[in-house]
Amino acid sequence: MSLNSQSSSILKCGARSLDLASPAVMGVLNITPDSFSDGGNLYAGGHALVDKVLAVAEQMIADGAKILDIGGESTRPGATPVTLDEELSRVVPVVAAINKRFDVIVSVDTSSPEVMLQAADAGAGILNDVRGLSRPGALQAAAQTHLPVCVMHMQGDPTTMQKRPDYDNVVDEVLDYLNERIEACVDAGIKRENIILDPGFGFGKTVEHNLLLF
């Protein structure tokens with residue numbers, strides 16, 4: 001991420017701020033039945049287990065997390081997409097509950113414009129998109145919120161990305177993609193200092209690709 005020399009290292013995240021002068025830990029809360037490590041732990045019977053989410057969030061904050069990342073759609077290899085209504089019902093109540101209960105920055109892992117807008121209204125402070133704000137309307141929705149955005153590189157989509165990842169030069173191609181997304185964000189009205197970059201380790205990459213990017 002680029003920071004102006006006189007902006008110190010403070011990232012404004014809605015009603016809260018994040019000091020990037022030192023590393024910050026992000027805790028991940030998957031409100032899904034099918035994510036990698038904890039799918040189903042915080043979601044059952046078609047509903048987010050809000051009390052359990054709050055308990056886990058409290059422990060993460062006690063352990064040093066400065067950001068909590070809320071996701072309502074698994075993006076593991078082979079994951080099945082969810083409907084917009086389903087994603088909204090998983091994410092927005094959890095964002096609102098955490099924002100009300102804790103003084104912590106909430107990041108929302110979504111590619112859906114409507115989820116971005118409603119999550120921002122519920123108190124989200126960062127928009128985290130594995131698809132690099134490429135869905136129709138995502139750039140405009142993100143710009144409307146005035147929140148920092150994290151744009152990630154992914155080759156393909158979750159259903160296909162790990163079948164046969166292939167690059168001529170993974171570092172150059174990921175950099176080219178991220179630079180293109182920076183310009184698209186700026187053109188849409190997102191401030192350059194509000195853009196965070198994620199090379200997307202494991203998203204359409206082999207172990208060798210990941211090591212080269214690292």
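Glutamate 183 is partly exposed, with a relative accessible area of 38% (buried means under 20%, exposed over 50% and partly exposed in between, with a 1.4 Å probe and protein chains only). The model is predicted, so that local features need pLDDT of at least 70 and side-chain atom pairs count only at pLDDT 80 or more, whereas totals for chains, interfaces and linings use all residues. Residues are numbered from 1 along each chain as its sequence is written, and side-chain values use heavy atoms, with hydrogens and water left out.

**Salt bridges**

- The count of salt bridges comes to four, where a salt bridge is a side-chain nitrogen of Lys or Arg within 4 Å of a carboxyl oxygen of Asp or Glu.
- Glutamate 183 is one of the residues involved, as it forms a salt bridge with arginine 192 in which the closest N and O atoms are 3.3 Å apart; arginine 192 is likewise partly exposed, at 39% relative accessible area.
- Glutamate 180 and arginine 181 meet through their side chains in a salt bridge of 3.1 Å, N to O; glutamate 180 counts as partly exposed at 40% relative accessibility, while arginine 181 counts as buried at 9%.
- Arginine 16 and aspartate 103 form another salt bridge, with their closest N and O atoms 2.7 Å apart. Because arginine 16 lies in strand E2 (residues 16–19) and aspartate 103 in the loop between H2 and E7, this pair ties together parts that are 87 residues apart in sequence.
- In that pair, arginine 16 counts as buried at 18% relative accessibility, whereas aspartate 103 is exposed, with a relative accessible area of 70%.

**The sheet**

- Six strands form an open sheet with parallel pairing, in the order E3-E6-E7-E8-E9-E10; helices (H or I, at least four residues) and strands (E, at least two) are DSSP runs numbered from the N terminus, and two strands pair if DSSP finds at least two bridges between them.
- At the edges stand strand E3 (25–30) and strand E10 (195–198), each of which pairs on one side only, and the twist from one strand to the next averages 25°.
- E3 pairs with E6 in the parallel sense over six bridges, and asparagine 30 stands opposite glycine 71 in E6.
- Strand E6 (residues 65–71) also pairs with strand E7 (residues 105–109), in the parallel sense and over five bridges; glycine 71 has aspartate 109 as its bridge partner in E7, and isoleucine 67 stands opposite isoleucine 105 in E7.
- Six of the seven residues of E6 are buried, so this strand is largely enclosed by the rest of the structure.
- Serine 107 has its place in strand E7 and is buried, with a relative accessible area of 0%.
- Leaving aside neighbours within four places in sequence, serine 107 is in contact with Met26, Ile67, Leu68, Asp69, Ile70, Ile126 and Asn128, where contact means heavy atoms within 4.5 Å.

- Helix H2 (residues 84–101) lies across E3, E6 and E7, and runs at about 155° to E6.

**A helix pair**

- Helix H3 (residues 113–121) and helix H4 (residues 138–145) have axes that come within 8 Å and cross at roughly 10°. That makes H3 roughly parallel to H4 (angles under 35 degrees count as roughly parallel, over 145 as roughly antiparallel, 65 to 115 as roughly perpendicular and the rest as oblique).
- From H3, Pro113, Met116, Leu117 and Ala120 meet Ala138, Ala141, Ala142, Gln144 and Thr145 of H4.

**Cysteines**

- The count of disulfides comes to zero, a disulfide being a pair of cysteine sulfur atoms within 2.5 Å.
- Cysteine 13 is in no disulfide, as the nearest cysteine sulfur, that of cysteine 150, is 11 Å away; cysteine 13 counts as buried at 3% relative accessibility.
- For cysteine 150, the closest cysteine sulfur is in cysteine 185, at 10 Å, which is too far for a bond; cysteine 150 counts as buried at 11% relative accessibility.

Technical notes:
Axes fitted to C-alpha atoms, helices over the stretch in contact; angles between N-to-C directions.
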